[in-house]
Amino acid sequence: MGVMQFARKAIESMYIGTCDVIEQQKVSDPVTKKTGFAEITTLLSQPCRVSFKSITSSGEGNTATITQEIKLFISPDITIKEGSKIEVTQNGVKTAYANSGTPAIYETHQEITLKLFDRWA
């Protein structure tokens, strides 16, 4: 087993959650022949970890703005399309997020910046 395989196993040992990935896809009703959209689950119970980081930025005067960065850590072997809904269950809490960009893919894992899911775009 190589160094990267050991590193990957170490990272994956920190996955304390699972996620389902849902895409909004076009579907055709066989009876009415009308095309609409439906939520299709493309990945189920994938091990992962969500981390949270607070970022403070200074404003004018004595004001400061605090924002939260949410990041998903997951296997580099899977593909999650931009715009997917990602439902993460971690520490007994299920939360829906939206994939907000292109993942950073490494040999050991990938990192995807998330935001809270509001609605389909």
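Analyst: Strands here are DSSP runs (E, at least two residues) numbered from the N terminus, and two strands pair if DSSP finds at least two bridges between them. This is a predicted model, where local features need pLDDT of at least 70, side-chain atom pairs count only at pLDDT 80 or more, and totals for chains, interfaces and linings use all residues. Residues are numbered from 1 along each chain as its sequence is written, and side-chain values use heavy atoms, with hydrogens and water left out.

Let's start with β3, residues 64–74. Over 11 bridges, β3 pairs with β2 (residues 35–58) in the antiparallel sense. Across that pairing, Leu72 in β3 sits opposite Val50. The hairpin of these two strands has 5 residues between them, and there Gly61 takes a positive phi near 70°.

β3 is also joined to β7 (residues 110–116) by 5 bridges, again antiparallel. Here Ile74 has Gln110 in β7 as its bridge partner.

Back in β2, have a look at Ile55. It counts as partly exposed because its relative accessibility is 33%, which falls between the cut-offs: buried is under 20% relative accessible area and exposed is over 50% (1.4 Å probe, protein chains only). Leaving aside residues up to four places away in sequence, Ile55 touches Thr65, Ile66, Thr67 and Glu69, where contact means heavy atoms within 4.5 Å.

Gln90 belongs to β4, residues 85–90, and counts as buried because its relative accessibility is 12%.

Note on methods:
Helix = DSSP H or I, 4+ residues; strand = E, 2+ residues; numbered from the N terminus.
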